[in-house]
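Please look at the sequence and the three-dimensional structure together.

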Amino acid sequence: MTHTYSVSGMTCEGCEAKVKYLLGKVEGVTHVSIDLAKGEAAINMTEHISIVKLKEALKEYPKYQLTSQVAENHIMPAFAEERKSWLATYKPLLIIAAFITGVAGIVSINEGQFQAANFMNVFMAGFFLVFSFFKMLDVKGFASSYSMYDLLAIRFPVYGFVYPFIELSLGIAYLIHFNPTVTNAATILVMGFSSLGVVKSVVDKKKIRCACLGAVFNLPMSTVTIIEDLLMVAMAATMLMFSH
């Protein structure tokens, strides 16, 4: 038998995959088909499964709300992603970038002279510390989103839980000027590899959420994410040359 339910809170292909996976683990469920546009889940089951049991499968992700479609005229409207302008969409990221850039610029002026090397070091420290902070607000939510596109996290989900702490460590390393060669090389490796999954997702035109600011903001995966990662790689490479 097949029953169709309304599921609100799904905003991207990552959400679709997560809901499908969670509902598919319920005993008695043989197949789950998700219609992201309609916000619906068609569930094949060997016998009737109570809606309470199905909701229980989604309890760790409260943003996904499953409801029964009692009648055609009483179907809950599917979640419609709010259409925003480019500026409105990336406003949180732009404000954070401007804040970090401003602080780094102020700190890097010494006796009226702008010191580029110091600016990049402070910027890198601020970037990693701030971005790791947002990821740590919901490590589980970040790991779930990150595993949808990062090439390493896809195979080893635990990497998604470790990644925020890697960023935190890099932020502290830049802050205390710990072994610039090792710190910059590690940044190139981490951010360079991370960008591979981002590039693949953008090229494949996957509509998934970018996890750069954790699960706090709903930012789409786009060329902006690629630029962000490659900018960090470029800065680290430049500083690596300066350190020799």
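This is a predicted model: local features need pLDDT of at least 70, side-chain atom pairs count only at pLDDT 80 or more; totals for chains, interfaces and linings use all residues.

Tyr-90 is found in the loop between helix H3 (86-89) and helix H4 (91-107). Is Tyr-90 buried or exposed? Its relative accessibility is 5%, and a residue under 20% is classed as buried, so Tyr-90 counts as buried. Apart from neighbours within four places in sequence, Tyr-90 is in contact with Leu-219, Pro-220, Ser-222 and Val-224. By contrast, a separation of 27 Å lies between the C-alpha atoms of Tyr-90 and Leu-175, which are 85 residues apart along the chain.

Val-224 belongs to helix H10 (residues 223-242). Because its relative accessibility is 18%, Val-224 also counts as buried. Which residues does Val-224 touch, leaving aside its neighbours within four places in sequence? They are Trp-86, Tyr-90 and Leu-93. Along the chain, Val-224 and Leu-93 are 131 residues apart, yet their C-alpha atoms are separated by 9.8 Å.

For H4 and H5, the angle is about 145° and the axes are 8 Å apart. The crossing in which H4 passes H5 is right-handed. On the H4 side, the residues that meet H5 are Leu-93, Ile-96, Ala-97, Ile-100, Thr-101, Ala-104, Gly-105 and Val-107. On the H5 side, their counterparts are Asn-118, Phe-119, Val-122, Phe-123, Gly-126, Phe-127, Val-130, Phe-131 and Phe-134. By class, the contact of H4 with H5 comprises 13 nonpolar residues, four polar and no charged.

Helix H5 (residues 116-136) also packs with helix H8 (residues 158-175), at an angle of about 150° and with the axes 8 Å apart. How are these two helices oriented relative to each other? An angle over 145 degrees counts as roughly antiparallel, and therefore H5 is roughly antiparallel to H8. The crossing of H5 past H8 is left-handed. From H5, the contact is made by Asn-121, Met-124, Ala-125, Phe-128, Leu-129, Phe-131, Ser-132, Lys-135 and Met-136. From H8, it is made by Tyr-163, Pro-164, Phe-165, Glu-167, Leu-168, Leu-170, Gly-171, Ile-172, Tyr-174 and Leu-175. The residues of this contact of H5 with H8 divide into 14 nonpolar, three polar and two charged.

Among the residues of this contact are Lys-135 and Glu-167. These two form a salt bridge, in which the closest N and O atoms are 3.1 Å apart. Lys-135 lies in helix H5 and Glu-167 in helix H8, so the pair ties together parts that are 32 residues apart in sequence. Lys-135 and Glu-167 are both buried.

How many salt bridges does the structure hold? There are three. In one of them, Lys-140 is paired with Glu-60, and the closest N and O atoms are 2.4 Å apart. This pair links distant parts of the chain, 80 residues apart: Lys-140 is in helix H6 (residues 139-146), whereas Glu-60 is in the loop between helix H2 (51-57) and strand S4 (65-68). Lys-140 counts as partly exposed because its relative accessibility is 36%. A further salt bridge joins Lys-59 to Glu-56, with the closest N and O atoms 2.9 Å apart. Here Lys-59 is exposed, with a relative accessible area of 53%, while Glu-56, at 44% relative accessibility, counts as partly exposed.

The contact of H9 with H10 has 15 nonpolar, eight polar and one charged residues. Within helix H9 (residues 180-203) lies Ser-195. At 5% relative accessibility, Ser-195 counts as buried. Not counting residues up to four places away in sequence, Ser-195 touches Asp-229 and Leu-230.

How values were computed:
Residues are numbered from 1 along each chain as its sequence is written. Side-chain values use heavy atoms; hydrogens and water are left out. Axes are lines fitted to C-alpha atoms, for helices over the stretch in contact, and angles run from 0 to 180 degrees between N-to-C directions. Helices (H or I, at least four residues) and strands (E, at least two) are DSSP runs, numbered from the N terminus. Angles under 35 degrees count as roughly parallel, over 145 as roughly antiparallel, 65 to 115 as roughly perpendicular and the rest as oblique. A crossing is left-handed if the near helix is turned anticlockwise from the far one by less than a right angle, and right-handed if clockwise. Contact means heavy atoms within 4.5 Å. Ala, Val, Leu, Ile, Met, Phe, Trp, Tyr, Cys and Pro count as nonpolar, Asp, Glu, Lys and Arg as charged, and the others, Gly among them, as polar. Buried means under 20% relative accessible area, exposed over 50%, partly exposed in between (1.4 Å probe, protein chains only). A salt bridge is a side-chain nitrogen of Lys or Arg within 4 Å of a carboxyl oxygen of Asp or Glu.
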